[in-house]
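Here is a short walk through some charged side chains and their partners. Keep the structure in view as you read.

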Amino acid sequence: YVFTLRSPVHPMFCCCAAEPPNATEVKYGDTEEKLRETATLVKTAPAMTSEFIADVFEVRLKDGMHGIVIDVTDPECTIVKNIREGTVSDWNSTCPEGKNVKEFDRILEVNGVRGSSVELAKALGSGTEGPMVLSLQRPEQRVVTLQRPGEIGVVLNYKKLGSKAPWITKISAGLLTRWNEDTPEQAVGIHDRIRAVNGASGTPEELMAGIKDAAETLELTVLHYGF
């Protein structure tokens, strides 16, 4: 799904979906929100190299099934969706402090392979039973507080099947841009994930509904990856 506020989605910005004709539109106050169903992925791009990304750590796994379930619905930002029994959970029980793998960690590299989410998924799949070296990024949690009325000025995207949480695909003029300018230490950007809305976590659909239903204060807990 693509969720936008007075901001039409053009192909060059809609990095994960082709826009279908049957958009559902909801209006209230000064804002207009559109919810569009995501079709297929239409663009992939290589991930940033780890030399330029903060909070990166390395994980060295032994032989065996790794047990990682990943979210590849954002073609440019592969994240850990779940951790099942396997070599990653074994690593977490014995690893140095701060190097345990968590949900929402971003996978940057698998056995020297970098690239799009599809390419990283293939690398994870081909090494399911052998030693594996992963480079991961721990996102920074930031809290954004917006006061309505006013246009938020953001496009959020997710897929009903596969997405751990919605991510930001575009920021335009509005409350969020003003927040970023006024509060740079808590600024958010493209590919960041929405973790909770007004303190409540949930499925992507529930988070989207929470954003639409917030009448005055909208507090977003966002996981920032620093793109």
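Start at Arg 114. Its relative accessible area is 34%. Arg 114 is therefore partly exposed, since that value lies between the 20% and 50% cut-offs. Keep in mind that the model is a predicted one.

Which residue does Arg 114 form a salt bridge with? The partner is Glu 109, and the closest N and O atoms are 2.6 Å apart. Glu 109 has a relative accessible area of 19%. That is under 20%, so Glu 109 counts as buried. Side chains of opposite charge can pair when their charged atoms come close.

The structure holds six salt bridges. One of them joins the side chains of Asp 71 and Arg 193, at 2.9 Å from N to O.

Now turn to Arg 138 and Asp 105. Their side chains meet in a salt bridge of 2.5 Å, N to O. This pair also links distant parts of the chain, 33 residues apart. Arg 138 sits in the loop between β8 (132–137) and β9 (140–147). Asp 105 sits in the loop between α1 (87–94) and β7 (106–110). Arg 138 is buried, because its relative accessible area of 18% is under 20%. Asp 105 is buried too, with a relative accessible area of 0%.

Definitions and conventions:
Residues numbered from 1 in each chain as written. Predicted model: local features only at pLDDT ≥ 70, side-chain atom pairs only at ≥ 80, totals over all residues. Heavy atoms only, no water. Salt bridge = Lys/Arg side-chain N within 4 Å of Asp/Glu carboxyl O. Helix = DSSP H or I, 4+ residues; strand = E, 2+ residues; numbered from the N terminus. Buried < 20%, exposed > 50% of the residue type's maximum accessible area, 1.4 Å probe, protein only.
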